[in-house]
Each structure stands twice: as C-alpha cells, then as structure tokens.
Amino acid sequence: MSLKIKALTKSIWVFHLAASPCNNCDIEILDLLTPRYDVERFGIQLVGSVRHADAILVTGSMNRKARQRLKRVIAQAAKPCFVIAIGNCSCSMEMFANSYNQMECLDNVSEVHAYIAGCPPKPEAMIQGVVALIQAQLAALKK
Amino acid sequence: MTPNRTQIIPIGPYHPLQEEPEFFKLHVEGEKVVKLDIEIGYNHRGIEKLAEGLTYDQVPFLVERVCGICSTSHPFACVNAIEDVGGFDIPERAKYIRTFVGELERIHSHLLWLGLAGHFLGYNTVWMWAWKYREPVLDCFELLTGNRNHYAMFKPGGVRRDFEDEDLPTAMRILDGLERPLLMFAKIAMADPVLQARLKNVGVLTYEDCVELGALGPTSRASGVPWDVRRDHPYAAYDLVEWDVVTTENGDVFDKVVVRVLEMLESVKICKQCLEKLREVRDGIDANYKEIPPGEGIGHHEAPRGEVFHYVRSDGSNRPIRYKIRAPSFMNVPTNNRAVVGYTVSDATITLAAIDPCYCCTERTIVVDADSGKQLMGWKELLRLSQEKTRKLMEKYKSRMDRVWI
Ligand code: SF4
C-alpha cells in the first residue's frame, strides 16, 4: 500500500466528477490543462475513465439524482484513490444548503482527502491543494 | 426493418465529453443515429425556490451560480427584471459597465466553446489555442472586477464596483491584443481542411426547424434567423453603441463556428466603445433604489447561448414571491433531436456540443408517470419537500439556529 502511495505522488492521473456544480469549478479544472498553467508538466493528466484515475476531483454539491451515481463511480475507482473536493459547493454546499433537492456534503458520501475552497478556486489554489495533499501523504509515509 | 436491429449507445451521465453530467441514449442502426433520448436532472438545485428566500440584493449572487460559464447573463437578466418591476432607470456609466462585462463574457464563453469543439473533434491544437487566448480575457476580468469568474458586478439599480481609470488602458491593450488571434481563428475556420471535412453539412438545422423549436442565439443565427434581443429589445447600453447582428445561412456545425467567431469580433468592437465612453461618462454607478414596489417584471439578456429570460413577482416586501428562469439551452437542447438524427455516431459528439449546451441552466424538475404521462409532483409537493428539508435542517443546526437563515 505504501509503495503504491509513493508511486501515486509522482504522476497523478485525475478524473473529474461533476455532482451538480455550476460549471465554473469544472472549467477552472480544464483551465489547468491549457497552456497558461499546463499541469501536464508535472505528470498530472485528465483521464476519461475513473478506473484509470489516481485522484477524483469532485465539484458541486450533490443532489438526489447524482448521489447514487456518484457513490457508484467512486466505488469503481482502483484503490488507493484520493478524493479531492473542489469548490465551496462540494466542501460545504455553499448557498444551496437549503435547497429541497440537495442531499448532503461530499464528506457524508465518501472519505475526502483534500478540500480546496473558493468559488471557484483559482487554478493556483488547486495546484497548491494537490501539492499539499502529496506532501501530507509523503510525510505520513516517513513516519 | 425489424426493431431489434436498433442498438442503444449510452453516453453518460459521467463521461469525458462535457463538464456537466447528463445522459444521452443514442439509438443506432449500424453507424447511423435514428433516435435520441436526452435525460437531464443531475444538476437540479432548486434555484427558483431558493430565490424566494433571498432579498433582492442577494438574488443576483444566487442566479450567478446557475451557470459558471455565462455567469453574468443570469444576474444581467435578473437585475433587468427587478428594475422592470419598478420601472427604474440606472446611471449611464453603470449601463456601459454592464454592457462591457456582458460582452467580455461573450468573448470568453465563445472562446471556451471553440476550444471544447476542437477537443470533441480530437483536434486538441484548437483547444489549446483557444484557451490560451482566453486567459488574457480572464486577466481583464480579474483586473476590473476582482475575480476570474463569478464577478458579482450586478446589483439592482446599478453595478457594485466602479472601474478605475488607471486600469482602462490595460483593458484596452488586452482587447487590442485579442483582435489578431480572433482574425486568425476566423481564417482557420474558413480554410482548415480538417474542420471543413468534419463540420460542413453536419448536423444541419433548417430555418423552419429553428422557428418551430424556438431555437435561440448562435444556434438559430447560424440558420439565418436574425433574432437577437440586444437589438430587438435594447437594454443597458446596447442602443448607444454600434454593432451588427451576425447571421449565416447553412445551419450546419461549421456555420455555428463561423457565427461565434464573427460575434466575438463584434463583442470586441462593443467593449472598446464602452471603454471609450467610460472615460467621459461619470454620473455614478448606483441609483440606490430602496423599495421594490408590488408588481411583476421581466428581464432579458442575450447570453452567449441565446436569450435568457427572467420573471419576478413582488408583493412589496424585500423578497420576490415568485421567481422564474428560462435559459436558452432549454430551447436549444431539443434541436439535437433534429440535428443528430440521420448522421453517424462519430458526428454525434460534435453536433450535441454545437449548440453549446449548458445543462446547469437547463435543469428543472418534473416527475411524471412514464405510462400515463401524468404529472406526479407539482408545485405543492415541491413546497412540501422544501418545508421538510427546512425542518430537518432546523433539527440539525438547532444550536446554531440564530446564525442560519431559514
Ligand atoms: S463552488 Fe462556486 S464556482 Fe464552484 S461549482 Fe459551486 S457555485 Fe460554482
């Protein structure tokens, strides 16, 4: 397990999962891949299937319909797999907390390894969040 | 032709094609698409209902979060609707600022779509290029409004922040710098053999289809329907600046690219005129209306994807008692049924994306019995659900009740 986590910290493949977001966090994630930020330099790549992913980026708060599907998709990922909550919506449901169609925060559905707050978080914040996650994992391994 | 020759290809709800979750069922015979089912609802957040719990000053923040890509369109239509209730007028400077923000957003949204369209075609060069030139636009937003997206500039009666004089030359420089890449895109779109081969005569939507289905925005303008609410029903400063409505004739995906590229050039033109005017016009940015009288109001805005329509009803208190949103994708998504059917599966992805759908905006909820077609859940049930949720929240946050607004 620890070897795997060590390998994970080298080149992270991410899968993007949208659970009723407003789209903005999602386009900021895509922004990371384009020339200005270009995270592929660091080996971070967006993949098309959750089965290839080392980290799942979840945006948006969850509604009734998305919740079951979300659970299934996260369960399908090969473990160990990090779940990163991006944006205020998935961290705390923001202003949708009182909606009739909203279920609960991401924490209640799956374990979350990193929270990146902001509406939407700037691409720099996302990079910093992932770096912090990697450092925390490496520090835990050393112990 | 026996029915079992038809096969079903499911796309979604979580797929790499688009950012939001939605579900398409393509019924295919061999390579050809014969039927299309669209299922949405993964994004429904009950925004209309939430808006009734907020004050008029808070509603623009909420509707801004309907959709992040065109995050000014909804507040724009929202403030138009609220001002329509009382027949308010706003200062001229605020009008120019609103128009500027709205048009700059059109550039960023169309560039975003152009990039994604390239990505769907497997032509990632276009994606990287388009998004590279989109960054300066976001810089301009950050400079003038303080955030890359979700600018929160609009409030009933004016705008929230003024533009600083010393920032205007930088903004002008960014706009000047945009013209060259946009012209390059126009040339690429016209001449590139890959784009020609993939997009010409694909996903054709005729004039009649557009009129019948009520398609809006670039989707209809690419088929020669010259509808543009900025011209037909002017608001903000659109009647004070010079610009043209762009239309093309063929209605295929290629023409939709052309319309969007040319529209961006028009937007640059409008933005520049606004910046020029902002140097001279200085009559404040906020009319400071305190009371919204009882009554009804409607507001439009020509969003990058088409006309956004908002309706608000007031009873004289500080909150709307009914709020209604109709986003352009709601009208445009059904055109997929005409545009995709009859073409091959490989064309389906780009055709589905050609209307620049925004499912975040389109989401609404209706629960029907599939056999009888009877509506099971109406306004009353939704109200009950909403009250139940409130009760649950109240129990959960009892200790924090004084801080949570319900
Ligand atoms: S956190 Fe903000 S930007 Fe992100 S999905 Fe939620 S509302 Fe949109």
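Predicted model: local features only at pLDDT ≥ 70, side-chain atom pairs only at ≥ 80, totals over all residues.
User: Okay, which chains surround the ligand?

Analyst: Residues from chains A and B do, so the site is shared between chains.

User: And which residues come nearest to the ligand?

Analyst: There are 13 residues around the ligand, and the nearest are A:Cys22, A:Cys25, A:Asn88, A:Cys89 and A:Cys119.

User: Which helices of chain A each supply at least two residues of that shell?

Analyst: Look for helix H2 (24–33) and helix H4 (87–92). H4(A) gives the largest share, 3 residues.

User: How do I place those helices in the whole of chain A? In what order do its elements run?

Analyst: Chain A has 5 helices and 5 strands. Starting at the N terminus, read α-β-α-β-β-α-β-α-β-α.

User: What does the radius of gyration say about chain A?

Analyst: You compare it with what a compact globule would have. For 143 residues that would be near 15 Å, and chain A has 15 Å, so the two agree. Along the principal axes, its C-alpha atoms fill a box of roughly 45 × 35 × 30 Å.

User: How much of chain A is buried?

Analyst: Buried means under 20% relative accessible area. In chain A, buried residues make up 58% of the 143. The chain still exposes about 6100 Å², with carbon and sulfur atoms supplying 56% of that area.

Terms used:
Residues numbered from 1 in each chain as written. Chains lettered and ligands numbered in written order. Heavy atoms only, no water. Helix = DSSP H or I, 4+ residues; strand = E, 2+ residues; numbered from the N terminus. Rg over C-alpha atoms; globule rule 2.2 N^0.38 Å. Buried < 20%, exposed > 50% of the residue type's maximum accessible area, 1.4 Å probe, protein only. Areas by Shrake-Rupley, 256 points an atom, 1.4 Å probe, with all protein chains shown as cover. Near = heavy atom within 4 Å.
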